[in-house]
Amino acid sequence: MRYVQIDTQSNPQSASTPSTEKQKDLGRLLVTELQQLGLADAHIDDFGYVYASITSNTAKQVPVICFCAHMDTAPDSSGTGVKPLLHKNYDGSELVLPDDTTQVISPREHPYLKQRIGDDIITASGTTLLGADDKAGVAVIMDFVQFIQQHPELPHGAIKILFTPDEEIGRGVDKADLQKLGADFGYTLDGSERGSLEEENFSADGVTVTFHGISVHPGYAKDKMVNAIKVAAYFVDLLPKDELSPESTEGRYGFVHPVHMEGMLEKATVQFIIRDFVTARLAAYEEWLKDKVAQALAKFPGAKADFVVKEQYRNMKEVLDQHPQVIQYAEEAIRRAGMEPVKMPIRGGTDGSRLSFMGLPCPNIFTGEMAFHGRHEYVSVQDMQKSVETLVNLVRIWEEKAG
Ligand SMILES: [Zn+2]
């Protein structure tokens, strides 16, 4: 509840790192608290990243584990003046937020709340987001650090802590120094429902199709002009409406999704994002899309097109499958905390995916944060406690299994 009151909203329009200086306000506080907990090397760098280490207290050679969370909140909803409210022993009713009583968190719209009856629920007050995404993750890690420092009798290997800025604008690991971090495996603490463990995310490409027309004075254009706007429009109309699109798919299905279009007579571009859990399918979708381009060109003789594919990110499962213990131990840690692990594929990207491909295999563990990026955001205190318990179990398991 303290951390969410510090405004750390990131800004996609800013070119600097961190994108907003105010993110360092939280970073500096975390450094102070980590130092007070005995992590002498805790520090924040110029880019706003917080690094800290807990030293090994076992004779065994244990892989170095990193726990990671992001400090920024989403630009979609205000993060200024957040007033967190604690609803103790939640009774299953609608939560009316006092600073804007039209904002009601209802168990009808948020069925997960029904499973949390009896828990203590934290919400914002109606005019801002809460910022449990990802200050729940930050709080879980900080509570974990406190617990592990107070329990030196529990053997564990070296543990690294990493707090990052700018996750919400897709730049969360741009300036992460993994050399300096020195971890073998990582876990992001940025998942939602109790017991959930995310090891899979979309593989993603961007495609830009540029149509070139032929410009002629419109008064004298007969049989000469080719209008790129019309070619692009025809092409977009060839895309399926009830399959292969975000609005018609869920679960494990991918899509081909136009996100931006602009054009003039001479030139029109259509930008796509291409997504699937199976990386090989991206190329198949792109071939299919090329076929639609060819159909459009056939309809408008004289038009030409460029087709440019840019790799965006990849399914982290490709990396994690090479290190099965990272997932196995997390599953066991969740079970030891009395839950059954629930594996959910992420229909998007994650910092963990980029970290995985940068050499730090890194699935995502639950924190209880729900309905993020908006005013209805909430988190259960008991879910956060279960997350802390999972982390304690996890470092114990890594130590137990080490040779
Ligand atoms: Zn997040």
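Is the crossing of H7 and H9 right-handed or left-handed? The crossing is right-handed; in a left-handed one the near helix is turned anticlockwise from the far one by less than a right angle, in a right-handed one clockwise.

## Basis

This is a predicted model: local features need pLDDT of at least 70, side-chain atom pairs count only at pLDDT 80 or more, and totals for chains, interfaces and linings use all residues. Numbering starts from 1 along each chain as its sequence is written, and side-chain values use heavy atoms, without hydrogens and water.

Helices (H or I, at least four residues) and strands (E, at least two) are DSSP runs, numbered from the N terminus.

## The sheet

Three strands form an open sheet in the order E4-E7-E17, with antiparallel pairing. Pairing requires at least two DSSP bridges between two strands. E4 (85-87) and E17 (378-380) are the edge strands, each with a single partner, so one side of each lacks a neighbour in the sheet. From one strand to the next, the twist averages 25 degrees.

E4 and E7 (residues 121-123) run antiparallel, joined by three bridges. Histidine 87 has isoleucine 121 of E7 as its bridge partner.

## Helix packing

H9 (residues 381-401) packs on the sheet and touches E4, E7 and E17. Contact means heavy atoms within 4.5 Å. The direction of H9 makes about 60 degrees with that of E17.

H7 (residues 324-336) packs against H9 at about 125 degrees, with axes 8 Å apart. Axes are lines fitted to C-alpha atoms, for helices over the stretch in contact; angles run from 0 to 180 degrees between N-to-C directions.
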